Amino acid sequence: MRRGWLYLFIFALALWVLLARLYPTLIPGIGETLTFYSLVGTAEVLNATILTFYHSFAGFLIAFALVGLSILLSLYSNEFKAFFSALNVFLQSVSVLVWTIIFIMIFGVTSPIAPILVTAMAAFPALLSAGISSSENLLEKYRPLVVLAKPSRLQLYWHFIVPGTLPEMVSASRVALGIALRISVVAEAFGSAGGIGYQLVYSYDLGIREGVFAWALLLIVLMVTLDQLILRRLEVWVRRWYW
């Protein structure tokens with residue numbers, strides 16, 4: 001696994017150096033890109049990073065809460081279950097660009113609400129698919145036990161569905177958080193007063209090629225670091241603890 005990352009790092013580095021030599025007016029060198037961080041300052045980099053994380057995690061938490069509510073309501077009625085299944089398909093068919101434009105029209109270009117809601121709409125289907133399928137499999141597997149215990153809907157949810165679907169939801173959260181980070185940057189590029197996406201487009205508009213590569217590199221490093229150092233380990237820990 002680690003060797004794979006080493007090979008990828010060497011490949012990306014070699015490709016970057018090659019492209020910078022072939023297209024020196026378009027692709028900045030590694031040194032120029034890294035120097036950009038010192039030019040804009042640590043405070044600017046930190047502010048953009050924190051704002052992007054805020055948009056991503058806020059949107060993810062909203063999506064996670066809505067999925068929990070959707071699964072609970074589905075236990076009370078098959079009509080709710082059918083509705084949320086259809087809603088899941090519908091949301092997956094709507095482009096992020098459409099959500100971005102709609103929320104910017106409603107809340108304004110500089111509002112932080114637009115990128116948060118766009119992120120939530122993008123993360124919701126990934127979480128809902130995992131939540132619905134894992135809860136259905138769980139109920140099917142332990143149906144005789146549920147029939148025998150006769151719990152209320154709320155007891156079934158808190159003491160059976162929530163702990164039983166935990167491994168699948170953690171895995172889905174890993175995917176959903178990756179989606180949230182990527183999508184929040186797109187939303188920031190169209191309508192936000194800050195964040196990595198905003199800085200990336202700002203550098204592009206001004207023709208600062210070092211800035212474009214520096215902000216893109218920062219986003220990639222943050223995503224890989226978050227996934228490999230936190231989310232992947234959390235997923236492994238939950239599965240080991242659960243089973």
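Helices, in this tour, are DSSP runs of H or I with at least four residues, numbered from the N terminus. Read along the sequence in those terms, the chain follows the pattern α-α-α-α-α-α-α-α-α-α-α. The model on display is predicted.

**The whole chain**

The chain has 11 helices and zero strands. Switching to the C-alpha trace shows a span of about 70 × 45 × 30 Å along the principal axes. Of the 243 residues, 41% count as buried. Among contacts with a separation of 6 or more, 75% are accounted for by residues 24 or more positions apart.

**The largest nonpolar core**

Next, select Val67, Trp99, Leu127, Ile161, Ile196, Trp215 and Leu218, and display their side chains. Within the largest nonpolar core, which has 49 residues, these seven touch the most other members. To place the core on the cartoon, colour the elements that give two or more residues to it: helix 2 (30–40), helix 3 (42–76), helix 5 (96–107), helix 6 (113–141), helix 8 (153–164), helix 9 (166–190) and helix 11 (209–242). Which helix supplies the largest share of this core? Helix 6 does, with 11 residues.

Now centre the view on Trp99. Setting aside residues up to four places away in sequence, tryptophan 99 touches Leu91, Val94, Val118 and Met121.

**Serine 70**

Move to helix 3 and select serine 70, which lies in that helix. Is serine 70 buried or exposed? Its relative accessibility is 4%, and the limit for a buried residue is under 20%, so serine 70 counts as buried. Show Phe84, Phe124 and Leu128 as well: serine 70 is in contact with these residues, leaving aside its neighbours within four places in sequence.

**Helix 8 against helix 9**

Two packed helices are described by the angle between their axes and the distance between the axes. At the contact, display Val162, Pro163 and Gly164 of helix 8 together with Leu166, Pro167 and Glu168 of helix 9. Sorted by class, this contact has four nonpolar residues, one polar and one charged.

**Helix 5 against helix 9**

The axes of helix 5 and helix 9 come within 10 Å, crossing at roughly 45°. This makes helix 5 oblique to helix 9. The crossing in which helix 5 passes helix 9 is right-handed. Which residues meet here? From helix 5 come Val96, Leu97, Thr100 and Ile104, and from helix 9 come Ile183, Ala187 and Phe190. By class, this contact has six nonpolar residues, one polar and no charged ones.

**Serine 171**

To finish, draw a distance line from the C-alpha atom of serine 171 to that of alanine 120. These residues are 51 residues apart along the chain, and their C-alpha atoms are separated by 17 Å.

Definitions and conventions: Residues numbered from 1 in each chain as written. Predicted model: local features only at pLDDT ≥ 70, side-chain atom pairs only at ≥ 80, totals over all residues. Heavy atoms only, no water. Core = buried A, V, L, I, M, F, W, Y, C linked by side-chain atoms within 4.5 Å. Buried < 20%, exposed > 50% of the residue type's maximum accessible area, 1.4 Å probe, protein only. Contact = heavy atoms within 4.5 Å. Nonpolar A, V, L, I, M, F, W, Y, C, P; charged D, E, K, R; others polar. Axes fitted to C-alpha atoms, helices over the stretch in contact; angles between N-to-C directions. Parallel < 35°, antiparallel > 145°, perpendicular 65-115°, else oblique. Left-handed = near helix turned anticlockwise from the far one by under 90°.
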